[in-house]
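The following exercises are to be worked with the sequence and the structure at hand. Each task is followed by a solution in steps.

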Amino acid sequence: MRAGELLALRWKDIDFNKGTIYVHENLQLVSNHAGKPKQVYKTQSLKNYQNRHIHMNTKAQYYLELQKKYSGFTNPDDYVCCTRDGRHAAITYLSSNIKEIEYSAGTKVRAHGTHVIRHTCASLYFRKGVRIELIASLLGHSVEVCRSTYIHFVEEQKKTAAELLDDFDITDV
């Protein structure tokens, strides 16, 4: 999910029985005029109305169930990621949590922020042999955008591709 999609997520969008999340809104920063102390966000429909269902793996479902168990805001219209007063959290909230997780895990990545997770997810799917069309659908993008933005070939894949030609016999042509 995009960061704005996660921040717009409400409990009514999660079906724990089916293991799915309905993504249909995005939280966008619409105003941050000079001199104003707070950023202004607005919930809006997704680009090109590309609503989608995302299937959760067991870990995602487990952690969302924990979030619901310990959150004080669990009504259907409440935000999943919310502040202490029940309002939606800001993108900086997610980014700072990602940095904290990175620090705790003892890892260091070049890029910070929430978008790096989408790149990692797409690359891991690709490495596992998931078709690009399915990855694009999961990310809510076209195949072309997915291919040019998210899929990064690794040296091991390039080597494997070259080795496929080892079994080719030119006399068979």
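Accessible areas here come from the Shrake-Rupley method with a 1.4 Å probe. The model is a predicted one.

**Exercise 1.** State the accessible surface of the chain and the share of carbon and sulfur atoms in it.

*Solution.* The surface comes to about 12300 Å². Carbon and sulfur atoms account for 54% of this area. As to burial, a residue counts as buried under 20% relative accessible area; 31% of the 173 residues fall in this class.

**Exercise 2.** Determine how many helices and strands the chain holds, and in which order they run.

*Solution.* The count gives seven helices and five strands. Read from the N terminus, the order is α-β-β-β-β-β-α-α-α-α-α-α. For contacts between residues at least 6 apart in sequence, 50% link residues at least 24 apart.

**Exercise 3.** Identify where confidence is lowest and where it is highest.

*Solution.* The mean pLDDT over the chain is 80, and 76% of the residues reach at least 70. Confidence is lowest in strand 4 (residues 40-45), with a mean of 64. Strand 1 has the highest value, 96.

Definitions and conventions:
Residues are numbered from 1 along each chain as its sequence is written. This is a predicted model: local features need pLDDT of at least 70, side-chain atom pairs count only at pLDDT 80 or more; totals for chains, interfaces and linings use all residues. Side-chain values use heavy atoms; hydrogens and water are left out. Helices (H or I, at least four residues) and strands (E, at least two) are DSSP runs, numbered from the N terminus. Buried means under 20% relative accessible area, exposed over 50%, partly exposed in between (1.4 Å probe, protein chains only). Contact means heavy atoms within 4.5 Å. pLDDT is the predictor's confidence in each residue, from 0 to 100.
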